[in-house]
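Hi,

Here is the structure I said I'd pass on. Have a look at it first, and then read on for what turned up.

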Amino acid sequence: MPVLDQEPSKDLGGGDGLPKLPLPALKDTLEVYLRCVKHLLTEEQFNKTQNIVKQFGAPGGVGELLQSKLMERRQNKANWVYDYWLNDMYLNNRLALPVNSSPVMVFPQQNFKAPIDSLRFAAHLISGVLEYKTLLDAHALPVDYARGQLAGTPLCMEQYYRLFTSYRLPGPERDTLVAQESSVMPEPEHIIVACKNQFFVLDVVINFRRLNERDLLTQLEKIARMADIEEEQLPPIGLLTSDGRTEWAEARSALMRESTNRDSLDMIERCLCLVCLDDATGPELSDTTRAMLMLHGGGAAKNGGNRWYDKPMQFVVGADGCCGVVCEHSAFEGIVLVQCTEYLLKYMIGSPSKLVRAASVSELPAPRRLRWKCTPEIHKLLASSADKLQRLVKNLDMNVHKFYDYGKEFIKKQKMSPDAYIQVALQLAYYRCHGRPVSTYESASIRRFKEGRVDNIRSATPEALAFVKAMTNGEQSTCAISAQTKYTILAITGMAIDNHLLGLREIAHDLKIEKPEIFKDEAHLISNQFILSTSQVPTTVEMFCCYGPVLPNGYGACYNPQSNHIIFSVSSFRESPETSSAEFVKCLVQGLLDMRDLCNKCNSGSNAAKQKATEPHVKGILFSLTKNVKCDQNCVFVNL
């Protein structure tokens with residue numbers, strides 16, 4: 001199979017005519033870098049960093065050499081940062097995928113009255129997956145176009161074509177993103193169904209004919225019965241995929257010594273996707289509980305072994321109505337997951353279940369249970385994986401909050417961007433909780449360019465700090481802010497700093513040059529410790545996205561702005577004495593109410609004397625932070 005970690009596949013469906021990702025000027029990136037880190041450092045730290053940056057960017061210095069090599073690289077590659085970025089963001093990361101890396105979509109709670117209802121739901125969902133796959137195979141998926149800033153620009157579509165054809169292969173030091181191509185081997189024509197920690201091959205094409213929904217339900221019923229046969233049950237091998245990537249790579253090598261295991265691994269790695277038929281987990285199924293169950297399956301005692309985390313798409317259908325999608329993130333961005341999932345849910349709503357009308361394939365062969373041969377070594381590894389997953393389950397502190405006081409319509413009436421407004425509220429919440437600003441990550445789509453993925457909008461700006469101080473302490477800010485849309489436009493046009501700095505660091509490594517001082521400096525470490533990891537994931541269908549923090553003392557904050565409410569999914573780790581998801585949500589809610597009150601007071605013209613003194617000034621900062629910034633539907637980002 002061809003691998004994608006060194007050279008992405010040729011763009012499919014709308015990328016061939018797109019421009020290459022530009023390379024920013026070295027001087028510009030270094031200037032912006034200093035501005036981004038200054039307020040996060042002590043004066044002494046900043047003075048040191050300023051000297052290091054000046055030396056790095058000096059005429060004839062190492063910075064200029066690396067920049068010239070990056071320019072050569074841009075000439076020779078479709079996207080100069082793609083493989084550097086993919087390795088750095090995902091494939092080099094050794095943390096376990098659940099919670100730490102894999103985001104999930106949580107569906108509305110389903111009301112299954114009998115076991116057959118969940119199987120009907122799964123059959124209907126699989127039918128939708130096969131319809132969507134047909135669109136992809138025919139290259140019939142419409143090209144996405146940007147909205148908001150620089151509207152009308154066509155966007156690269158290649159990520160969609162990895163939804164059902166890729167696999168993240170664990171490695172001892174670096175994983176590999178593997179793609180299946182029909183030129184190498186036949187397209188996969190099977191789905192893997194996980195049920196009671198067992199894995200079954202569900203062929204979706206038999207005798208050159210795609211199974212209809214009635215047939216799929218028949219096969220799922222057979223699988224459910226087979227999974228119940230206790231004497232046939234095998235160890236929960238899926239638990240191994242929930243472990244750290246190096247540990248899983250070692251366990252996979254041990255499995256591969258047996259031909260039976262090799263065959264089973266091959267069937268899983270080449271499947272279209274997984275459908276996980278989960279057991280009921282308990283009576284309490286709040287939004288927060290369903291989010292946690294989707295992120296980690298509840299551990300080995302529940303459905304944690306009923307997964308295979310290396311596959312990009314795992315559709316979870318719980319007997320208790322807890323349903324959603326678990327996504328392996330290295331293959332595509334959140335917007336692709338949203339677009340695919342929305343298609344499926346709309347298909348299920350708009351396409352009545354076809355369990356009667358269509359003719360069935362006669363005498364369907366029984367689905368095949370995947371077999372495993374487990375040595376004592378494998379059993380020991382399984383026990384270790386189960387223990388680590390349980391620790392992760394206990395550690396995750398999740399809080400899903402639906403804020404009903406107002407939504408994006410109120411914010412738009414203030415002539416502000418909902419994205420930027422909510423991002424400022426997140427900055428305010430963190431500051432009120434912890435009394436300091438922190439480096440914040442917010443992804444900006446660069447799909448306007450060939451093989452474009454994302455860059456980072458650094459949301460914790462000096463201007464945001466001025467606003468949150470003014471709101472928290474009643475301080476006055478002396479700066480007049482004029483152009484807060486600048487960084488967003490820089491990012492979505494490929495001119496932000498994070499990818500550029502990554503490229504400079506990595507090309508120095510490629511050239512076997514000693515790591516430049518700028519990348520060993522404390523400022524670089526601090527500015528890349530994203531304690532607040534945020535994403536806007538808007539949906540038009542009722543569902544929400546969530547993920548875990550990226551640091552032990554960090555927060556994951558995903559939000560979904562709707563017309564009259566906003567869904568927040570906030571995560572942190574219980575083992576950190578610094579963080580509390582409930583406290584963060586409390587500060588976030590209060591901040592949103594304070595910001596609304598500020599807007600209303602300024603709009604009403606009441607309390608004129610007080611307004612003259614403080615409120616228009618603070619609102620002016622807020623407005624300057626958020627003005628004229630429109631949401632790009634295909635770009636999950638926040639603008640400051």
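Helix 2 has Q45, F46, T49, I52, V53 and F56 as its buried residues. Looking down the axis of helix 2, you'll find these within an arc of 125°, so they line one face of the helix. On the other side of helix 2, the exposed residues are E43, E44, N51, K54 and Q55. The cover over the buried residues of helix 2 includes helix 1, helix 3 (62-76), helix 16 (498-510) and helix 17 (522-527). Its length works out too: helix 2 has 14 residues (43-56), which at 1.5 Å a residue should span 20 Å, and the C-alpha atoms at its ends are 20 Å apart.

Bear in mind that this is a predicted model.

Helix 1 can be read in a similar way. It covers residues 26-37, and its buried residues are L26, T29, L30, Y33, L34, C36 and V37. These fall within an arc of 160° when seen down the axis of helix 1, so they line one face of that helix.

Now, the whole chain. The protein chain has 640 residues, and 59% of them count as buried. Its secondary structure comes to 20 helices and 18 strands. If you take contacts between residues at least 6 apart in sequence, 78% join residues at least 24 apart. The accessible surface is about 25,100 Å², with 52% of that belonging to carbon and sulfur atoms.

Eight strands make an open one, in the order 11-5-4-8-9-10-1-16, and the pairing is mixed. Strand 11 and strand 16 (544-546) stand at the edges with a single partner strand each, so one side of each has no neighbour in the sheet. As background, strands of a sheet pair through backbone hydrogen bonds, either parallel or antiparallel. Both kinds turn up here. Strand 8 (274-278) and strand 9 run parallel, joined by five bridges, and D278 has G318 as its bridge partner in strand 9. Strand 9 (313-318) and strand 10 run antiparallel, also with five bridges; there, V317 is partnered with C323 of strand 10. Between these two strands is a hairpin with four residues, where G321 takes a positive phi near 90°.

How many of the residues of strand 10 are buried? Five of its five, over residues 323-327, so to speak a strand that is mostly covered. C323, V325 and C327 point one way, G324 and V326 point the other way, and all are buried. Strand 10 also pairs with strand 1 (104-106) in the antiparallel sense, over three bridges, and V104 has V326 as its bridge partner there.

Helix 8 (259-269) is one to look at alongside the strands. Its buried residues are N261, S264, L265, M267, I268 and E269. They pack against strand 2 (166-169), strand 4 (190-195), strand 5 (198-203), helix 7 (245-255) and strand 11 (368-369).

What about the cysteines? The structure holds zero disulfides. For C327, the closest cysteine sulfur is in C545, and at 8.2 Å that is too far for a bond. C327 has a relative accessibility of 1%, so it counts as buried. For C599, the closest cysteine sulfur belongs to C602, at 7.1 Å, again too far for a bond. C599 is buried as well, with a relative accessible area of 0%.

V99 has a phi near 70°, a positive value in a residue other than glycine. It is in the loop between helix 4 (82-91) and strand 1. K415 has a phi near 60°, likewise positive in a residue other than glycine, and its place is in the loop between helix 12 (408-413) and helix 13 (418-434). Which of these is buried and which exposed? V99 is buried, with a relative accessible area of 1%, whereas K415 is exposed at 63%.

Cheers

Methods: Residues are numbered from 1 along each chain as its sequence is written. This is a predicted model: local features need pLDDT of at least 70, side-chain atom pairs count only at pLDDT 80 or more; totals for chains, interfaces and linings use all residues. Side-chain values use heavy atoms; hydrogens and water are left out. The expected span of a helix is 1.5 Å times one less than its number of residues. Buried means under 20% relative accessible area, exposed over 50%, partly exposed in between (1.4 Å probe, protein chains only). The arc is that of the directions from the helix axis to the C-beta atoms. Two strands pair if DSSP finds at least two bridges between them. Contact means heavy atoms within 4.5 Å. Accessible areas come from the Shrake-Rupley method with a 1.4 Å probe; for residues, only the protein chains shown count as cover. A disulfide is a pair of cysteine sulfur atoms within 2.5 Å.
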